[in-house]
Amino acid sequence: MRSCRFGLGSEYSIPELPGVYFIQDKRSRRILYIGRTINLRTRFRRHLRKTHNWRLQYNIAGNEDATFSYELTISNKEMIEKEKEYIQKYNPLCNEIRYATN
């Protein structure tokens with residue numbers, strides 16, 4: 001898994017490839033959000049500018065300790081499975097979608 005600071009200028013180190021991503025607060029070591037996308041760089045930029053998720057926006061506003069980590073995926077099926085697995089495992093603070101564990 002690769003990661004970078006969640007801030008301006010960091011997007012150039014993120015590939016334009018599909019994957020699962022994590023936004024984390026390094027101070028509390030809490031994973032704030034887990035998502036999936038077909039273009040990691042574009043999604044990073046969208047979250048950086050203004051995210052649709054008010055909980056996430058509140059937690060990353062002015063937070064210089066936030067990081068963006070990602071894991072590349074090969075297929076859409078793999079991306080969906082990994083996102084679900086990670087949401088179940090880490091129970092991120094700002095995700096609106098939750099998956100029940102079996």
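With a relative accessible area of 9%, E83 counts as buried, and its side chain meets that of R36 in a salt bridge, 2.5 Å from N to O. R36, at 37%, is partly exposed. Because E83 belongs to helix 3 (residues 76–90) and R36 to strand 3, the pair ties together parts that are 47 residues apart in sequence. Please keep in mind that this is a predicted model.

**The charged pairs**

A search of the whole structure turns up three salt bridges. Here they are side by side:

| Salt bridge | N to O distance |
|---|---|
| E16 and R41 | 3.8 Å |
| E83 and R36 | 2.5 Å |
| K82 and E71 | 2.5 Å |

Let's take the E16 and R41 pair, whose closest N and O atoms are 3.8 Å apart. E16 sits in the loop between strand 1 (2–5) and strand 2, while R41 is in helix 1, so this bridge joins parts that are 25 residues apart in sequence. E16 is partly exposed at 49% relative accessibility, whereas R41 is buried at 17%.

K82 and E71 also form a salt bridge. This pair links distant parts of the chain, with K82 in helix 3 and E71 in strand 4, eleven residues apart. E71 is buried, its relative accessible area being 17%.

**The overall layout**

Now for the wider picture. The protein chain has three helices and four strands, which follow one another from the N terminus as β-β-β-α-α-β-α. Of its 102 residues, 45% count as buried. Among contacts between residues at least 6 apart in sequence, 66% join residues at least 24 apart. The chain exposes about 6,500 Å², and carbon and sulfur atoms supply 47% of that area.

**Helix 1 and the cores**

Which residues of helix 1 are buried? In this helix (residues 40–49), they are L40, R41, R43, F44 and H47. They lie on the same side of helix 1 because they cover an arc of only 165° around its axis.

The largest nonpolar core has 14 residues, of which I14, Y21, I23 and F68 touch the most other members. Strand 2 (19–25), strand 3 (30–37), helix 1 and strand 4 (66–72) each give two or more residues to this core. Strand 4 contributes the largest share, three residues. There is also a second, separate core of seven residues, including V20, M79, Y86 and I87.

Methods. Residues are numbered from 1 along each chain as its sequence is written. This is a predicted model: local features need pLDDT of at least 70, side-chain atom pairs count only at pLDDT 80 or more; totals for chains, interfaces and linings use all residues. Side-chain values use heavy atoms; hydrogens and water are left out. Buried means under 20% relative accessible area, exposed over 50%, partly exposed in between (1.4 Å probe, protein chains only). Contact means heavy atoms within 4.5 Å. Accessible areas come from the Shrake-Rupley method with a 1.4 Å probe; for residues, only the protein chains shown count as cover. The arc is that of the directions from the helix axis to the C-beta atoms. A nonpolar core is a set of buried Ala, Val, Leu, Ile, Met, Phe, Trp, Tyr and Cys residues joined through side-chain atoms within 4.5 Å. A salt bridge is a side-chain nitrogen of Lys or Arg within 4 Å of a carboxyl oxygen of Asp or Glu.
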